[in-house]
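Student: Hi! Could you walk me through a few spots in this one?
Tutor: Happy to, just ask away.

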Amino acid sequence: MDGEQFGAFVQKLERFARQQPKAYKLRVGLLATLGYAYIFLILTVLLGTLVAIALLIASSKTISGGAIKLIILLAAFIVFVLQSLWVTFPPPVGLELSRQQVPHLFALIDRLTSTLQAPQFHRVLLTDDFNACVVQVPRLGILGWQQNYLILGLPLMQALTPGQFRAVLAHELGHLSGNHSRFAGWIYRIRKTWLQLFEKSQQTRNHAFAILFEPFFHWYTPFFSAYSFVLARIDEYEADRCAAEIAGAQNIAAALVNIEVKSRFLQSQFWSDVNRQMDDRAEPPESIFNNMSVAIHQDVKLDDAQKWLAQALATTTDTADTHPCLTERLAALGYGDRPEQFLSSIPPQDRAAEEFLSNNLQQLTEHFNLAWQEQVATPWRQRYAYAQAAQKNLQALEEKASQQSLTSEEAWNRANWTAEFRETEAAIALFREFLSTHSQHAAANYALGKILLQQHDPTGIDYLERAMMADADNIMSACELIYSFAIQKGDKQTAEVYEQRAGQHYRLLLQAREERSQLGVGDRFEPHDLSVEAIAQLQQQLSSHNQIAKAYLVRKIVQYLPEKPCYILGIEREFHKLKPETTDERELVQQLIREISAEILVLILDDRTRDLEKKIGRIEGAAIYTKPKHTKQITSK
């Protein structure tokens with residue numbers, strides 16, 4: 001089912017869950033059991049067949065070569081199925097905390113775990129994310145045996161009061177609570193497992209596996225995902241109720257508001273200010289998380305907090321996230337009509353990080369300071385070098401513009417660099433001037449439209465519309481900009497229009513991606529339209545791979561987004577008798593994709609694609625590369 005069908009089905013299930021909660025949970029449980037039953041039924045049939053063949057051979061007391069081959073093939077396929085179904089989850093990454101290191105934090109975790117009858121955590125990790133969550137990693141794949149991780153973000157602990165943090169922690173443990181949602185937690189784990197299993201089945205190239213499992217997965221995974229989605233959303237309300245019972249409804253409501261406001265502050269102000277420093281500082285700041293802690297408590301202005309809260313309250317619940325929107329969560333807690341009261345606690349007087357990390361706070365903060373510095377050092381220096389060069393070039397263009405006219409490219413660069421390094425009003429004037437002679441320039445229309453919306457000027461929508469008309473690649477980001485602008489203005493009708501438009505384009509992109517990821521004899525092709533220079537560069541790249549004997553390049557005729565060319569590069573491989581260790585087929589494809597800058601689908605031509613190769617070969621100008629014959633090798637396919 002597509003996104004629209006999924007959303008409609010979820011809404012239908014939500015109504016059913018409200019009207020008949022027990023019947024709904026029974027269906028979810030039966031669906032979860034069905035998934036396991038199908039897998040074990042297939043494995044039982046395969047193993048039974050293998051045993052039956054072995055018994056027939058034993059009873060006949062004769063062993064034929066064909067029977068041995070059949071047993072080997074069947075056993076190999078059973079092993080392959082088991083490997084494919086062995087879904088692994090990578091463990092979360094973070095700085096592990098110990099009881100001796102932060103005793104107050106573990107004392108709080110122990111109290112909440114006992115009260116909520118939740119399982120013990122095997123690891124408590126501290127990260128640099130503005131988040132907190134519980135992660136369960138099944139050690140036996142689909143069979144479970146969970147390893148429990150509690151992930152705590154240092155920035156979140158810096159932003160919340162001890163009471164608010166206690167409420168957030170109670171919410172997270174509520175997902176595992178034996179009092180409320182053990183069934184929901186089980187379904188939640190199965191949901192994640194099945195989604196990963198479905199993705200893995202899509203990647204496999206084994207035809208027998210596809211025949212046995214793919215039809216079931218295609219039906220079951222979206223169906224079970226919709227049913228479990230509703231339960232996951234119900235579980236969020238259950239976890240909020242756990243937090244309210246343990247830490248107080250006021251604390252969890254205040255935490256929800258605080259998190260929304262502070263996350264928007266960090267995204268739109270703090271990190272923006274940090275990124276601007278790249279233009280003038282050769283090295284990144286040394287104490288970024290200390291600076292963040294100070295900024296969270298001193299730099300959030302009440303006017304901005306009110307604006308960010310209004311944006312959060314205007315966001316509606318959709319099927320993109322199992323979390324209900326802020327408005328609905330506050331209403332369920334009994335604070336839906338007065339959320340602004342919690343802005344008075346911003347900034348908080350006490351910080352959870354100081355209380356629960358106590359004497360180790362500075363040491364832990366320093367760890368993340370150093371890790372962040374190492375992570376951003378290279379891109380920071382690259383940006384600094386670019387900014388210095390660009391500002392030097394901008395100054396030269398400004399001097400030239402005072403004496404003579406600039407070329408189109410120079411005028412475009414001047415407007416762009418002015419937007420990056422000068423006053424906004426100056427950039428607006430230059431973009432308007434550039435568009436007076438280049439009215440259909442997609443990037444210029446997009447840049448001016450974005451700036452105008454940031455300046456709260458609704459005429460920016462017109463420029464973004466032109467940008468979308470000129471280049472469909474702008475549709476998603478332009479719709480997002482207009483949607484955010486409309487939400488800020490309280491214009492829900494306009495916001496809904498552009499949200500739907502973005503959704504329609506996203507579905508079109510998915511259809512285009514699917515169409516371009518598949519090739520068959522029924523596809524139609526035409527000559528490529530690449531320049532002589534582009535072909536010469538491609539030939540040079542192909543010549544660096546000794547195993548490539550011949551290459552064809554054509555353009556596939558597509559239904560979706562036909563203005564975006566879909567190029568097919570067909571490769572014939574050459575093998576040397578004395579070098580059987582030739583690069584793996586998949587590895588060769590990945591190497592070519594990394595080397596070729598253009599969007600080209602690489603296809604290995606062999607016995608499986610004989611008919612397709614003949615069809616491509618008949619296209620005029622398709623053969624673009626043949627390996628020189630001075631290398632004496634024996635070719636086979």
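Student: Is R241 buried, partly exposed or exposed?
Tutor: In this predicted model, R241 is partly exposed, with a relative accessibility of 40%.

Student: Which side chain does R241 meet in a salt bridge?
Tutor: That of E238, at 3.2 Å from N to O.

Student: How many salt bridges does the structure hold?
Tutor: There are 21. One of them joins the side chains of D110 and R99, at 2.7 Å from N to O. D110 belongs to helix α4 (residues 103–116) and R99 to the loop between β1 (95–96) and α4, so this pair ties together parts 11 residues apart in sequence.

Student: OK, new spot: where is D523?
Tutor: D523 is in the loop between α20 (492–516) and β5 (525–527).

Student: Buried or exposed?
Tutor: Buried, because its relative accessible area is 18%, and the cut-off for buried is under 20%.

Student: And what does D523 touch, leaving aside its neighbours within four places in sequence?
Tutor: Q518, K556 and K615. With K556, the side chain of D523 forms a salt bridge (3.6 Å, N to O). K556 lies in strand β6 (residues 548–556), so the pair ties together parts 33 residues apart in sequence. K556 is buried too, at 4%.

Student: Switching to helices: at what angle do α16 and α17 pack?
Tutor: About 145°, with their axes 10 Å apart. α16 passes α17 in a left-handed crossing.

Student: What classes of residue make up that contact?
Tutor: For α16 with α17, 10 nonpolar, 2 polar and 1 charged. Among the residues that meet are F431 in α16 and L448 in α17.

How values were computed. Residues numbered from 1 in each chain as written. Predicted model: local features only at pLDDT ≥ 70, side-chain atom pairs only at ≥ 80, totals over all residues. Heavy atoms only, no water. Helix = DSSP H or I, 4+ residues; strand = E, 2+ residues; numbered from the N terminus. Buried < 20%, exposed > 50% of the residue type's maximum accessible area, 1.4 Å probe, protein only. Contact = heavy atoms within 4.5 Å. Axes fitted to C-alpha atoms, helices over the stretch in contact; angles between N-to-C directions. Left-handed = near helix turned anticlockwise from the far one by under 90°. Nonpolar A, V, L, I, M, F, W, Y, C, P; charged D, E, K, R; others polar. Salt bridge = Lys/Arg side-chain N within 4 Å of Asp/Glu carboxyl O.
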